[in-house]
Amino acid sequence: MPVVAGLVGLAVMAAVLVGAVSGSSPTPTECDGPPVAGIPANYLALYRKAGAQHRIPWEILAAIGAVESNHGRSHAPGVRSGENYAGASGPMQFLSGTWAAFGADGNHDGKRDRYDPADAIPAAARYLRHSGAPQKMRAALLEYNDSDKYVNDILSRARRYKTTDTTANPPPECAPGSAITTNNETIEKIIAFAMAQRGKPYVFGAAGPNAWDCSSLVQAAYRAAGLTIPRTTFAQWPFGVRVPNNQAQPGDLVFFNSGPGTSSNRPGHVGLVIAPGKMVAARCSTCHPAIGVETYRRQDWIGTTRPLHKIKKEAGR
């Protein structure tokens, strides 16, 4: 850590029901596969993205995340709420004073949250960079935690991560959002936010930042680019300009006739197009991953809309 200063049952039932409503089968997508050396997919994407942005080796960030919180999976005090005995918190274990100086809004949701890995991981990269990394990596890590044993552990883990990395060249549609280029900065921001949510839980009615349902995910992705669209799938369907399915492009929304209460003109599931034939979507509570990349070319695909056309027309009034 930086050294600078009855309801539960109903919730489970709701999550299971929503898994059925989404209509997505809990099968792996071609972008799944084993996490690198036990790193969850969403954390791996964040480590790689922050590393590229701040020129810090991703494996160093991953090693810190492993030691400090087991990539957010630890239940130790301070990881998910509160602070530990030293006053540190979050998956990268920041003290409040250090966070005030180096905290980041990595997912562009308008908040700097020590407990959100999308914010904490780039903040760690910023802090290491400020402390001299990558040229003076050991010195920078000593600033992070003034312990030779700690630094040796980080460097050892980082070497293992680097040698076991099997995702050095992932397919573009499986890469972090920042790696997807569309020649449109707004669309890239939308996609980058959605891709950064991969691996998080699907919870019906959730609106982030730790869990999403299908429509709240795409609404938040648009909000990350400063744009407003409706909250629910039923309201999102008539909002955007309808385009032929064979003209779907990144940034578009694709809708599906899935789940009870839906029909060919009342879709109950939505995803965000990121590449030809690929979407990122909050799929279901039992899917692996619950939020991930999959094909949108399926039998229950009933339509495609382009919210950006609607927003552009309204802005021009």
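Contact here means heavy atoms within 4.5 Å. The structure is a predicted model, in which local features need pLDDT of at least 70 and side-chain atom pairs count only at pLDDT 80 or more, while totals for chains, interfaces and linings use all residues. Residues are numbered from 1 along each chain as its sequence is written, and side-chain values use heavy atoms, with hydrogens and water left out.

Leaving aside neighbours within four places in sequence, glycine 38 is in contact with His71 and Arg73. Glycine 38 sits in the loop between α1 (7–22) and α2; helices (H or I, at least four residues) and strands (E, at least two) are DSSP runs, numbered from the N terminus. With 37% relative accessibility, glycine 38 counts as partly exposed. Buried means under 20% relative accessible area, exposed over 50%, and partly exposed in between (1.4 Å probe, protein chains only). Glycine 38 and histidine 71 are separated by 33 residues in sequence and by 9.2 Å in space, C-alpha to C-alpha.

Histidine 71 belongs to the loop between α3 and β1. Its phi is positive, about 55 degrees, although histidine 71 is not a glycine. Is histidine 71 buried or exposed? At 3% relative accessibility, histidine 71 counts as buried. Asparagine 70, in the loop between α3 (58–69) and β1 (88–89), has a positive phi of about 55 degrees and is not a glycine either. Asparagine 70 counts as partly exposed, at 37% relative accessibility.

Apart from neighbours within four places in sequence, tyrosine 47 is in contact with Ile39, Trp58, Leu61, Ala62, Gly65, Ala66, His71, Met92 and Ile121. In the largest nonpolar core, which has 39 residues, Tyr47 is one of those that touch the most other members, with Ile60, Leu61, Ile64, Met92, Leu128 and Tyr144. A nonpolar core is a set of buried Ala, Val, Leu, Ile, Met, Phe, Trp, Tyr and Cys residues joined through side-chain atoms within 4.5 Å. At least two residues of this core come from each of α2 (41–54), α3, α4 (96–102), α5, α6 and α7. The largest share, eight residues, is supplied by α5. Apart from this core lies another, of 31 residues, among them Ala194, Tyr222, Phe239 and Val293. In soluble globular proteins, nonpolar side chains tend to be buried together.

Next comes the packing of α3. α3 and helix α7 (residues 148–164) pack at an angle of about 120 degrees, with their axes 8 Å apart. Axes are lines fitted to C-alpha atoms, for helices over the stretch in contact, and angles run from 0 to 180 degrees between N-to-C directions. α3 and α7 are therefore oblique to each other; angles under 35 degrees count as roughly parallel, over 145 as roughly antiparallel, 65 to 115 as roughly perpendicular and the rest as oblique. Residues in this contact include Trp58, Ile60 and Ile64 of α3 and Tyr150, Ile154 and Tyr161 of α7.

Two cis peptide bonds remain to be described. One joins alanine 133 and proline 134, with omega about 5 degrees, and proline 134 is in the loop between α5 (117–130) and α6 (137–144). Another joins glycine 208 and proline 209, with omega about 0 degrees; proline 209 lies in the loop between α8 (185–196) and α9 (214–224).
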